[in-house]
Amino acid sequence: MPGVPGYRFRAYSSVGSTNALAMDAAQAGDTGKLWIVGMEQTAGRARRGRDWTSERGNLYASLLIVDPAPPERIGELPMVAAVALADAVEAACGVLGVVKLKWPNDLLIEGRKISGILLEALTLDAHRRAIVCGFGVNCAHHPDLGLYPAGDLAGFGFRATSDAVFSHLARKMSEKLEAWSYPDGFADIRTGWLKRATGVGERINVRFADREIAGVFLGIDTDGRLRLRLDNGEIDRISAGDVFFGD
């Protein structure tokens, strides 16, 4: 496991869900900065309760952090995680500029999704909140997502193992969280996110649980919300949703 000052690491051959284990640790009183890594997951999950295929060869890791920022800034954290993971994947692959970002935190290579990031929150008491950042990276193979084209690093010709990606991720996440912790820390994260953003200026669809809207993607605001110019000219700011390109 990588030696990142202030962080602890637990590795398992097989787990139900790295996010679930991190949540269990929080409820048991863990103070955070704890990584849970599994070689495989038997009950992995993605956003909106979807299953996430978790066979051996890919990266499955979750980071538990406690009270990383004031509650009003937690919405910025998906972009922090996305930029850290993009940096880590490129470092492991030895190629810069290959990873693009789809709002809020999907990593794409040549238009195909290569990772999943799932953030979950748990209120511990009146004064403390635990956040778990779960990372799944398709290193050796990829699931059939159905909703969106998927790919894996090996399929693109990159020899980046799950251990290599995680080693870089642990360091990059530590660096990005430290930078983000300052009052104006999201400004640099936002700049880094926008440099990799895909679809800015293009027409997109944003799907919610009960509806779908379309418009032109204008980037993200200073809080990390998606800016969408609707057909009537109004600007909508969106905190959560699934983005698809085209009509």
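Me: What makes Asp188 and Lys195 exposed residues, and which face of α4 carries them?
Reply: In this predicted model, Asp188 and Lys195 are exposed and sit on the face of α4 turned away from its buried side; exposed means over 50% relative accessible area, buried under 20%, and partly exposed in between, with a 1.4 Å probe and protein chains only. Local features need pLDDT of at least 70 and side-chain atom pairs count only at pLDDT 80 or more, whereas totals for chains, interfaces and linings use all residues. Residues are numbered from 1 along each chain as its sequence is written, and side-chain values use heavy atoms, with hydrogens and water left out.

Me: How do you know that the buried residues of α4 line one face of the helix?
Reply: The buried residues of α4 (186-196) are Phe186, Ile189, Gly192, Trp193 and Arg196. Seen down the axis of α4, these residues fall within an arc of 125°, so they line one face, the arc being that of the directions from the helix axis to the C-beta atoms.

Me: Why is Glu40 called partly exposed?
Reply: Glu40 has a relative accessible area of 22%, so it belongs to the partly exposed class; Arg56, with 39%, is partly exposed as well.

Technical notes:
Helix = DSSP H or I, 4+ residues; strand = E, 2+ residues; numbered from the N terminus.
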